[in-house]
Amino acid sequence: MANKIDSEYRFSPPRKTKQNAVLSPNNQPDCAQAFMEHAATAPLPDAFLHFLESNGIDPSIYTSIDSTPRYIRLKPGFEDCIQEIQSETKCKPEKLDWLLGFYTLPPHIQIASTKIYGIDASSGAAVMALGIEPGDHVLDLCAAPGAKLCMILDLLGDSGSVTGVDAARHRLAACRTMLQKYKLGDRCRLFVADGTTFSVIPEGFRSDSESCESGLEERMDVFKEWTSRRPWKERKRAKKCSTPQVVSKSHPPELIYYGRHSGVIGLTKKELYKTVTENEIASYGYDKVLVDAECTHDGSVKHIQKFEHWGWVTLQRRVLDAERTDSLHTLQLNLLTNGFRLLKVGGSLIYSTCSLTVAQNEDVVEQFLKENITAELTEIDAARNWPCKGGRIQKTWRFDPLASQTSGLFVAKFRKVVI
């Protein structure tokens, strides 16, 4: 049975199993000494310190980092605009030598330019690991708030398409705003949907039976060019509707944005949401899939530091509650499984989280590999030049916040093979 929080600031540590271990710098799941050294002075509540100890996480990552740099990505074609950006930000961006197109700024700098956008370098590395090529159809299964989605569209250029999915309507709406601000949404479509059951494949495949039906019957309810303007009656009806902010498995996918060249215009709803077989997905699924799964975010120093303002009780509910962490493991496995199902044969998938716990990373990977014989864990060659270290499983990688000066991140890459 999952452990319970037994008081406002006390946490019953989880079971001492490999699922609750995390790697220390020498690859041993024991950070007890570091915990004792920092527990007395760290400005963190006891509940969180107990969580760190039980998961083998060194608490110094939250007390030793005062100012992780702000990372930005420069849009392709704007490499000569550094002086202009320096004038706007009153600070010269420093080029990051290990990740193409990335620069650092002091953490307090605000970004107004449409030529750059903020994205942590570790997240950028996860996107680069996809190996995106011209013409690829890419699925971002946990797309909000949108920085990785923007980078994918940057890399894709003027071909292919990107499909962004997220269960949180308000977060995906923010993602849509970001696409419009940086003028990157031309080849993108966004769906509010449960990522564990989402089944819409890239546009371009149509069965022979559908082709015949389309020629015989009048095409009704065709998608026209997307606009944010809706009739007054429709807006009034939507305002009255009690649609939840976060959708569940019972809710069908809802298309809230599509660009001019995303493959949606001219389709009927029946064509967009067509049901396909597993064999058809093998040939017409996505070329690349990113599953940056929901997690406890304990690897993100900036995220944890926000709880000083949000309240540590909120951290208990979002991070420390054992029932939540148990359910997260299931959610992460289901997201990874469905993302891989939508991948075409020969395609690549990246699984990542910003958690430092083994339960949300290596344990998920191990269970997934046992249950999917067509999944092959592959090497990320570029990672050898990243400021990261290998995970407990060979070919997986971890960004340590202290060593990398980035947000903590776990990255694993899979390929779908024919058995």
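Buried here means under 20% relative accessible area. Keep that cut-off handy, and remember that this is a predicted model.

**Exercise 1.** Work out how many residues of helix α6 are buried, and which ones.

*Solution.* Start with the span: α6 covers residues 147-156. Apply the cut-off, and nine of its 10 residues come out buried, leaving the helix mostly covered. Now name them: Ala147, Lys148, Leu149, Cys150, Met151, Ile152, Leu153, Asp154 and Leu156. Finally, step just past the end of α6, where Gly157 has a positive phi of about 75 degrees.

**Exercise 2.** Decide how helices α2 and α14 are oriented where they pack, and what sort of residues meet there.

*Solution.* First, the geometry: α2 (residues 46-54) packs on α14 (residues 312-320) at about 25 degrees, and their axes lie 10 Å apart. Angles under 35 degrees count as roughly parallel, so α2 is roughly parallel to α14. Next, the contacts: Ala47, Phe48 and Phe51 of α2 touch Leu315, Gln316, Val319 and Leu320 of α14. Sorted by class, that contact holds six nonpolar residues, one polar and no charged ones.

**Exercise 3.** Find which strands pair with β12, and say in which sense each one runs.

*Solution.* Take β11 (residues 286-292) to begin with: six bridges tie this strand to β12, and the two run parallel. To finish, check burial: eight of the 11 residues of β12 (residues 343-353) are buried, so the strand is largely enclosed by the rest of the structure.

Technical notes. Residues numbered from 1 in each chain as written. Predicted model: local features only at pLDDT ≥ 70, side-chain atom pairs only at ≥ 80, totals over all residues. Heavy atoms only, no water. Axes fitted to C-alpha atoms, helices over the stretch in contact; angles between N-to-C directions. Helix = DSSP H or I, 4+ residues; strand = E, 2+ residues; numbered from the N terminus. Parallel < 35°, antiparallel > 145°, perpendicular 65-115°, else oblique. Contact = heavy atoms within 4.5 Å. Nonpolar A, V, L, I, M, F, W, Y, C, P; charged D, E, K, R; others polar. Buried < 20%, exposed > 50% of the residue type's maximum accessible area, 1.4 Å probe, protein only. Pairing = 2+ DSSP bridges.
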